[in-house]
Amino acid sequence: MVHFLTPHFGKLIQNIQPSSERLELAETLPQQVRDYLAGNDEFVTRSPHSRLVGSYAQHLTVGDVKDVDFLVRVDGDPEVNEPTVRTVLSELASALRDLPEHLGYSGDTYFDITRNRRSVQVKFEYEDFYLDVVPCIAPNNFGDSIFVPDWGFKKWIESHPRGVVRLIEELDDKYNKKFRGLVKLFKHFRNNHMTYMKPKSYWLVAMAIEAVESNDIDMSEPVAAAFDQLLNHLYDKYHRTYLRTDGTVPRIKDPMLGHNVAWNWERSHFEAFMRRLEDGKGWSGRALDHYDKAEAIKLWQNVFGEEFPTNIDDHAKSHAASRQPGSAYATPTGLILPGAAPALKSTPVQPTRYYGGSLNGKK
Amino acid sequence: MARNRPPFRVERPLSMAVQELHMRDRWPSFTRVGNAGVSVWRGNLQPSEVSGEYGISVEYRLGVPPNVRVLRPKLLKTPPHTYPGAKLCLYSPDDWRWDEHSILACSIIPWTAAWLLFYELWLDTGKWLAPEAPHNENKRVA
């Protein structure tokens with residue numbers, strides 16, 4: 001018998017969600033910095049000034065929210081490199097130096113401000129939290145392509161982060177809220193198995209989008225099976241490159257603009273990723289085929305670590321208690337929710353007692 | 001001369017066409033084949049964000065309690081609250097009776113989606129975590 005362990009996966013996704021404290025931090029600190037920059041005379045931004053991007057904006061954060069990325073809009077012409085990328089990044093770093101005082105911090109111990117290749121990073125030491133502030137030229141506002149500075153290339157690079165956020169939302173709606181869960185599992189798999197040489201989160205998101213859009217993943221299957229298919233798809237796709245001996249790494253297509261986002265992927269890092277994929281797909285395949293539920297759980301724990309629960313009785317009880325007939329609602333695709341979904345035409349599940357058969361599984 | 005009207009208005013049963021309108025409105029994946037007397041709706045339901053989709057059929061003969069079956073995937077073990085052939089027992093006749101004014105889209109289908117959720121929880125825990133009524137409670141068959 002195939003064990004999809006669907007409630008276990010529901011609990012796993014709950015386990016890898018960021019804590020409410022970290023989410024609150026991710027809500028409040030960026031807003032303070034955004035407000036500071038919007039009112040700053042030294043570094044002039046253009047309305048609508050800023051926009052959240054990255055994992056947090058995509059609702060794809062797993063584990064701790066360590067960082068939040070946001071764009072600040074400046075005037076300029078990327079074609080003629082005006083203003084120069086180095087000027088913008090330097091001026092932004094300089095403007096942010098007064099941020100600690102503005103936020104009421106004194107001394108240097110709580111803050112670290114670093115200029116990166118494409119952003120200025122503000123590290124809140126005490127909170128162990130980073131903000132990546134990315135200046136951008138957004139000719140048609142944030143909804144369209146924008147240009148971000150690249151210190152190494154000394155030019156403005158085209159990017160479409162809000163388009164990616166929209167695409168993720170569309171895929172999640174199309175696949176009945178399963179897409180984001182799949183990507184979160186993939187990111188958690190990486191975090192669980194790779195401390196060093198990790199592929200970037202954005203690359204994982206791009207890989208997952210490509211895999212799902214290729215129709216090689218059957219998104220009508222339970223998320224356990226979809227995850228197994230994702231690992232197999234990626235391993236097969238990159239296997240030919242993996243066998244090469246000339247140091248080649250695969251291209252990872254930007255979901256919106258098509259360019260290679262993994263241009264700086266090192267061969268040794270790619271090989272490490274392939275070894276983890278090979279291990280992962282071995283465990284997930286055996287877990288799906290295993291006749292013994294306990295053994296299947298152990299194999300999934302190899303994939304996802306201790307966050308994959310052994311026993312879900314308490315979770316099942318609370319999940320069921322919040323979705324009883326008489327109080328639950330069903331969305332047009334059948335999702336059972338604890339209450340009405342304002343954005344959807346959900347239907348109340350009338351009170352009922354399921355009839356006959358067996359009570360608690362006993363005939 | 002005006003015809004005498006009956007002292008009360010006789011409500012006509014909900015037609016298949018009206019049932020279909022409700023189904024289209026609330027459950028867009030379901031499609032119908034049949035006629036004014038008997039119809040079968042087939043569609044998909046996914047009870048949670050991590051579940052797979054279940055193929056469901058609802059067979060309805062006008063005025064008669066509908067039969068609901070899980071077409072795919074095959075149900076595992078022998079779940080509670082089923083008749084042979086993967087037919088689901090969604091309500092106790094002690095509590096509620098199907099009549100010709102009942103609306104599939106507002107009763108049978110949401111109960112089916114919830115049944116699938118509790119079935120998945122039952123597979124993992126061995127417990128049916130929703131209200132239930134045993135067959136032998138009143139010796140009647142739905």
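1. In this predicted model, β1(A) and strand β2 (residues 67-73) of chain A pair in the antiparallel sense over four bridges; strands (E, at least two residues) and helices (H or I, at least four) are DSSP runs numbered from the N terminus, and pairing requires at least two DSSP bridges between two strands. Within this pair, Val53(A) stands opposite Asp69(A) of β2(A).

2. Both strands belong to an open five-stranded sheet of chain A with mixed pairing, in the order β1-β2-β5-β4-β3. Its edge strands, each pairing on one side only, are β1 (50-53) and β3 (111-115) of chain A.

3. Helix α2 (residues 20-38) of chain A lies across β1, β2, β4 (120-124) and β5 (129-136) of chain A, and runs at about 40 degrees to β5(A). The angle, on a scale from 0 to 180 degrees, is taken between N-to-C directions of lines fitted to C-alpha atoms, for helices over the stretch in contact (heavy atoms within 4.5 Å).

4. The loop between α2 and β1 of chain A holds Pro48(A), which a cis peptide bond with omega of about 5 degrees joins to Ser47(A). His49(A), in the loop between α2 and β1 of chain A, has a positive phi of about 65 degrees although it is not a glycine.

5. A cis peptide bond also joins Glu82(A) and Pro83(A), with omega of about -5 degrees; Pro83(A) lies in the loop between β2 and α4 (85-96) of chain A.

6. Residues are numbered from 1 along each chain as its sequence is written, and chains are lettered from A and ligands numbered from 1 in the order in which they are written. Local features need pLDDT of at least 70, side-chain atom pairs count only at pLDDT 80 or more, and totals for chains, interfaces and linings use all residues, while side-chain values use heavy atoms, leaving out hydrogens and water.
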